[in-house]
Amino acid sequence: MIRILVYLIEIIVCFVLQSSMFHYISLVNVMPNLLIILVVSHAYMRGRMTGLLMGFFSGLLVDIFYGNIIGLYALIFMLIGYVMGYVNKVYSPDDYTFPIFMVAISSFLYDFFYYVFEFLLRGRLNFVYYLRRIMLPEILYTVLVSVFLYKLLHMINKKLDQKSDKGA
Amino acid sequence: MRRRTKLNINPKHVLIVCVLLCILLIAVSFRFGDKLLPVRNAVSTVITPMQKGINVVGTLISDQLDNFRSVNELLEENAKLKEKVDILTYQNKLLLQDKYELDGLRELFELDKKYIDYPKVAARVISKDSNNWYSVFTIDKGTKDGLEKNMNVIAGNGLVGIIVEANYNNSIVRSIIDDKSFVTGMFLKTSDICYVKGDLELMDENKIRVELIGKDAQVYDGYEVVTSHISPNYHQGILIGYISDIKLDPSNMTKTAYLTPVVDFERLEEVLIITELKEPLDGQED
């Protein structure tokens with residue numbers, strides 16, 4: 001139960017930060033994608049199921065708040081969470097570089113799908129421009145932030161693990 | 001398996017269920033988009049106070065940081081600015097001369113701007129769309145303060161955008177530089193109609209694309225573009241920006257150009273909302 005509550009709080013905090021701190025933390029007009037870090041880190045630490053649900057709910061929140069079509073972000077986030085959940089098989093508590101690599105890949109996937117759905121379908125074909133202007137900076141920034149955020153999330157996860165071990 | 005039976009559910013099944021749910025949601029929101037508005041309203045009513053709080057904290061921090069700026073930097077800047085003042089005073093004189101001439105000409109042509117005093121409400125920008133692709137932002141006033149969908153948003157004396165969604169205590173504004181934005185504009189001097197269309201590729205250069213200017217329109221760089229009388233949602237005569245780079249299209253029928261908006265979208269913190277909706281066009285001719 002506590003775990004679910006903590007996850008919910010994490011999602012809301014990340015979302016609020018991402019959408020409201022834009023004045024203060026954006027570099028070259030690009031924001032780090034905190035939610036994708038959240039989803040991938042948990043998928044990596046806890047497996048497919050957590051990644052899936054986490055992705056679904058954070059995507060849904062974004063959808064309800066900003067998207068025109070409810071369900072699109074949820075679908076993208078969820079699929080990324082699920083696929084990244086397979087990586088859980090090689091999870092090791094001491095490895096801090098691998099998840100960051102995964103965050104980079106997911107961030108790219110997310111942006112790519114986003115481009116396809118929202119821009120390509122409207123006839124905007126200049127992929128290279130979007131890649132240079134938005135995707136690459138966003139991925140770099142996200143990776144940078146994930147170095148710290150992953151550590152934090154990992155710590156929280158460890159605490160939760162200890163607690164549930166005690167409880168069981 | 002230390003965690004009860006919960007883990008025994010195959011993630012694959014959950015995936016399938018959730019994917020179906022998503023597809024259903026997408027279909028539903030395509031078909032009955034309006035029915036979902038209450039849900040959005042509820043969620044955003046809860047989240048908005050949090051965003052407001054974060055915003056206050058952020059402003060405090062950034063103000064503090066600004067105070068720490070070294071004196072040296074300011075001195076240097078002062079010297080530079082003094083130099084600039086000299087140059088600008090000179091330029092200003094030239095411009096004033098031009099202005100007198102312009103005023104005279106305007107009187108001749110009776111081209112006074114039609115800024116009717118609309119009732120306005122000020123609001124603060126509290127959050128931006130959580131991804132980097134769009135220029136949609138949220139302001140801290142909503143239906144509670146009398147805002148409605150399709151109200152025009154301005155800043156300074158230029159057009160910012162339009163309210164696309166009014167919730168209880170916040171509203172979502174789509175700015176004119178947004179990739180999906182589309183405004184019918186008009187050249188103040190010649191009354192030629194054009195279409196002002198946001199484009200992500202031009203956002204960095206702080207420009208907007210202007211399309212479908214008539215081939216015969218006698219327009220030149222630097223002309224003012226205002227919102228037109230045929231636009232269904234925008235009030236007439238709000239300044240959008242200045243035109244540049246006019247080019248004839250390959251089709252030889254229309255011209256395309258770029259427009260520099262008068263509003264600085266990078267540093268948009270407070271906006272004004274015209275709390276009067278444009279009346280529907282039904283009654284009017286042309």
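Guide: Among what covers the buried residues of H1(B) are H4 and H5 of chain A. Keep in mind that this is a predicted model.

Visitor: Which residues of H1(B) are buried?

Guide: Leu15(B), Cys18(B) and Cys22(B) are the buried ones in H1(B). The label asks for 20 or more other C-beta atoms within 10 Å of a residue's own.

Visitor: What makes you put them on the same side of H1(B)?

Guide: Around the axis they cover an arc of only 70°, so they sit on the same side of H1(B).

Visitor: How does the reach of H1(B) compare with what is expected at 1.5 Å a residue?

Guide: H1(B) covers residues 11-31, which is 21 residues, and reaches 30 Å from its first C-alpha to its last. The expected span is 1.5 Å times one less than the number of residues, and for H1(B) that comes to 30 Å, so the reach is close to the expected value.

Visitor: Which residues touch the most other members of the largest nonpolar core?

Guide: Met78(A), Val160(B), Val210(B), Val225(B), Ile240(B) and Val271(B) do, in a core of 94 residues. H5(A) gives the most to this core, with 12 residues.

Visitor: What does Val210(B) touch?

Guide: Not counting residues up to four places away in sequence, Val210(B) touches a list of residues that includes Cys194(B), Tyr195(B), Val225(B), Ile243(B) and Leu259(B).

Visitor: How many residues of chain A are in contact with chain B?

Guide: There are 37 residues of chain A in contact with 35 residues of chain B. A contact needs two C-beta atoms within 7 Å. H4(A) gives the most to the side of chain A that touches chain B, with 7 residues. That side divides into 26 nonpolar, 7 polar and 4 charged residues.

Visitor: Let's turn to chain B itself. What is it built from?

Guide: Chain B has 4 helices and 12 strands. Of its 286 residues, 30% are buried.

Visitor: How do you know that E2(B) pairs with E5(B)?

Guide: Pairing takes at least two bridges. E2(B) and E5(B) have 4 bridges in the antiparallel sense, so they count as a pair. In that pair, Val136(B) stands opposite Arg174(B). E2(B) also runs antiparallel to E1(B), with 3 bridges joining them, and there Ser127(B) stands opposite Thr138(B).

Visitor: Which residues of E2(B) point one way, and which the other?

Guide: Val136(B) and Thr138(B) point one way, Phe137(B) and Ile139(B) the other way, and all are buried.

Visitor: Now for Asn150(B): why is it called partly exposed?

Guide: Asn150(B) has 13 C-beta neighbours inside 10 Å. You'll find Asn150(B) in the loop between E2(B) and E3(B). Leaving aside neighbours within four places in sequence, Asn150(B) is in contact with Ile162(B), Ile163(B), Asn233(B) and Leu277(B). Phi of Asn150(B) is near 75°, a positive value in a residue other than glycine.

Visitor: And what makes Asp245(B) exposed?

Guide: Asp245(B) has 12 C-beta neighbours inside 10 Å. The exposed label takes 12 or fewer, so Asp245(B) is exposed. This residue is found in strand E10 of chain B, and phi of Asp245(B) is near 55°, a positive value in a residue other than glycine.

Notes
Residues are numbered from 1 along each chain as its sequence is written. Chains are lettered from A and ligands numbered from 1 in the order in which they are written. This is a predicted model: local features need pLDDT of at least 70, side-chain atom pairs count only at pLDDT 80 or more; totals for chains, interfaces and linings use all residues. Helices (H or I, at least four residues) and strands (E, at least two) are DSSP runs, numbered from the N terminus. Ala, Val, Leu, Ile, Met, Phe, Trp, Tyr, Cys and Pro count as nonpolar, Asp, Glu, Lys and Arg as charged, and the others, Gly among them, as polar. A nonpolar core is a set of buried Ala, Val, Leu, Ile, Met, Phe, Trp, Tyr and Cys residues joined through C-beta atoms within 7 Å. The arc is that of the directions from the helix axis to the C-beta atoms.
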